[in-house]
Amino acid sequence: MSSPSTTVATSSPVVKWVLRLVVVAYLFLLLVWPTWFLVKNTFANGMTGIQEALADPDVVHALQLTAQIAVASVAINTVFGVGISLLLVRQRFIGRRVLSVLIDLPLSVSPVVVGLALVLVYNGQFGWFGPWLEAHGLQVVFAMPGMILATCFVILPLVVREVVPVLEELGEDQEQAARSLGANAWQTFWRITLPGIRWAVVYGVVLSLARALGEFGAVKVVAGNVGGETQVATVLVQQKYQGFEQDTAYSVSFMLVLAAVLCLVVVALLRPKEGKK
Amino acid sequence: MATASAVADGRPARWRRSASSGSLTAGSSLGLGVAMIWFSLLVLIPLSAIVVKAAGGGWSTFEHVLASEQTRSALQLTVLSSLAVTAVNMVMGTMIAWMLVRDRFRGMGLLDLLIDIPFAMPTIVVGLVLLSLYGPDSPIGVQIQNTRWAVLLAMAFVTLPFIVRTVQPVLEELDTDAEDAAASLGAGRFTTFRRVILPALVPAIFAGAALSFARGISEYGSLLLISGNLPGRTEVVSVRLFSFLEGGNLAAAAAVATLMLVVALLAIVTLDVVQRRVARRV
Amino acid sequence: MKTTIKVAAVAAAGVLALTGCSGSSSADTAHTVNLVGYSVLEQANAELIKNFQQTDAGKGVDFKESYGASGDQSRAVAAGQDADEVHLSLEPDVTRLVDAGMVDKNWKDNATDGMCSQSIVVMVVKSGNPKHITSWSDLTKPGVGIVTPNPASSGSAKWNLLAAYGSVLADGGSAADADKYMKAFFNNVAALPDSGRDATTAFTGGTGDVLLSYENEAILARQNGTDFDYVIPDSSILIQNPCALTTDASKSAQSWMDFQKSKEGQKLYAETGYRPLEDVGDVTVEGANDPSNPFPEPKKLLTIDKDFGGWGVANDKFFGDGTDGAPTGILTKIQSEAGQ
């Protein structure tokens, strides 16, 4: 949007190159080189590392479990995220500002705190709701629902933060026009609002997916680390690394990072298509 | 992002700030109700359970927890490290954002993607990755495992994108007219940067700094393998919390968690106030 | 159109996820063993499980295993984690479950007194033993960093500390001498990781000069290529790991436990470094200091029952945490005074 200014700081070649050097060096040492090691260690023996990892039933189960939890929590979060965004932007109600601030809370909370919070409420022996829920057949802690809840908690703000600014920018003109022409709320949403925010939703979904695949601390606290049952891929990585199976740890790590990076690449490719301002 | 077009009959688009429809419709009320129930069950009730558990023992729980030198040490290390890393990020993040927006050389798209990698990487993998390069088998002879440098390094990795991503859109929107005007009036490069550009970026930098600090004090997975979790030396609050939790001492865990929530809240509020002050001064 | 596809995809994924939920519970629970074990047990059990599944009793039996610090695992089961068999580091962690009503109080009434495996405490040192650590008194020398797990969470930790304390008594020292020694001991502690396995990881990652651990853990690590040495000190304690079935355990769990205690099972445990409960003949154990004579007797081998009055007495006497009216244990006090 703004063309590189030719009259300001960037015009001095010395400053420009110093800037480039510092930034590139920082990113290389902090980010690029360590990440390269992940790739190197995974493929140190060609494909055997990954093949052996995939031959381990615990690994396969952990990857499946991670995928299931990620998809479920992203799906739930998208629905609520879009809904909450609409409410925040289009409606006035008491506590709107407070809700807006609270939505951002999960970004500042340690994953271990998330786990503790959920355990205090949903544990079957001493939680607030846990015993009642388990008496009615729903086990939350040490089971799938708990892991999905933990993941939902940490990804909660991601969709909302993407959609809210776009909704604010879109304005209500078209929606009000549609309503005045007789469309009901659902039609207005489906045909006017949703297409307007679809890229924001996609970006939010992809970010949440990447984040959900990588969740570690919260799920570890809630789930109980039962191999082949409640052990997600990230927890498996720690266990394998400490269990003298570093190669498997690297292979699984690589697969997780690859999946998340693919998500980001997809978004990066999609972004130009949404049209320049 | 797509922008709405003006209304068909040619009237200028109305100022489109937040909601203009007054009270809630029936459908919206239901939606709000459902959303609030979900939000409560997921976030509000669990977080208040922590505060209740911590407060349940009265002040003695907090006293007991803070009396432990190990816990105090963990708190100090965590907060100070996160502050240091946030300060570095405020500088580096702005520089990186500047390069991404103002300096278009080949490979910039790749760099843009790289910045998002800390978002994409599971924290436990971050630990593994840093351990490969800066741990016992370091190919460059830099071994910082089990030291406080490891804590700083891991925090720097995971908080890298925050300030970059808050500053980047502001820089993109920034009109160069003011800069050109300043330059034509004879202002030097750094003066222009300091007086024209930086003030516009300050809100974004501080917003990103709040996120970076909060993320830093919450970090857990990446520190497990590389910091050594040495009590009184490289143990961070999250690790301490986890030990309390697994050890069945839920009251202490809740007390530490409450402290962390308060610290995060304080940081966010402080940065917001500082940012307003700085913005007003200019 | 695009959004319709997206919604459909999300819905399909949601359905898949839910079927995933129900899928895991459709397994036949009679042929499943939920095994909750202490941290270093995993690799040893892998071999036993494989062999067990080839026996008649073990055919088609599915294992769900969870491993972690003994104390933490015990608390997790008490807090509701599924378990058919618990195989933990020391007796008090099973007693906790008896008190919680999850394990029958007669769990020890059998041929092995409730034990499934045993080992001793050894000192793990860097390859070549650069600091020449060979005895308990070497541990309190200045500049020696000791790595031992945290007794609040780990079973290995309690065995280590009792072995240290007991070494003074075995040498003819008094309780006061032992207290003095333990003070110096805690001053030299470089790290207190959560579990026995975490301690191994910390040591191999560069922390400390000496690691106190199970002999079987040291041997296992060396079998897997970890480069360090271990020393059997003059006096050590016999580590006895209990195993018990929970009150609602499946029948397969009983067969599994019988297999663990059988000669075949004990031989497999011996191959990963455990000292067998009964005579299993000659075993060559890779990774031991001398693979053909893997389990030499230390000069003085203490036992929890003979030398410490049994865990019922010793756990409170040494490790009581001072809450709920329980006395503060001797070692707990020394540990906190040392600022650890």
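This is a predicted model: local features need pLDDT of at least 70, side-chain atom pairs count only at pLDDT 80 or more; totals for chains, interfaces and linings use all residues.
Local features need pLDDT of at least 70 and side-chain atom pairs count only at pLDDT 80 or more, while totals for chains, interfaces and linings use all residues. Residues are numbered from 1 along each chain as its sequence is written, and chains are lettered from A and ligands numbered from 1 in the order in which they are written.

Start with chain A. Its domain assignment gives domain 1 (1-42) and domain 2 (50-274); such bounds come from an automatic or database assignment. Taken over C-alpha atoms, the centres of these two domains of chain A lie 32 Å apart. Four residues of domain 1 of chain A are in contact with six residues of domain 2 of chain A. Contact means that the C-beta atoms of two residues, placed from the backbone, lie within 7 Å.

Now turn to the contact between chains C and A. Chain C brings 22 residues and chain A brings 23 residues. On the chain C side, helix 1 (2-25), helix 2 (42-52), strand 2 (62-68) and helix 8 (196-204) each supply at least two residues. Helix 1 of chain C gives the most, with eight residues. Helices (H or I, at least four residues) and strands (E, at least two) are DSSP runs, numbered from the N terminus. By class, the chain C side has seven nonpolar, 11 polar and four charged residues. Here Ala, Val, Leu, Ile, Met, Phe, Trp, Tyr, Cys and Pro count as nonpolar, Asp, Glu, Lys and Arg as charged, and the others, Gly among them, as polar.

Strand 1 (residues 226-227) of chain A runs antiparallel to strand 2 of chain C, joined by two bridges. Pairing requires at least two DSSP bridges between two strands. A:Gly227 stands opposite C:Glu65 in strand 2 of chain C.

Chain B has 12 helices and zero strands. Of its 282 residues, 48% are buried. Buried means 20 or more other C-beta atoms within 10 Å of the residue's own, exposed means 12 or fewer, and partly exposed lies in between, with C-beta atoms placed from the backbone. Along the principal axes, the C-alpha atoms of chain B fill a box of roughly 65 × 60 × 35 Å.

Finish at C:Pro149. This residue sits in the loop between strand 5 (146-147) and helix 6 (155-170) of chain C. C:Pro149 counts as buried because it has 33 C-beta neighbours inside 10 Å. Leaving aside neighbours within four places in sequence, its contacts include C:Ser154, C:Leu192 and C:Asp198.
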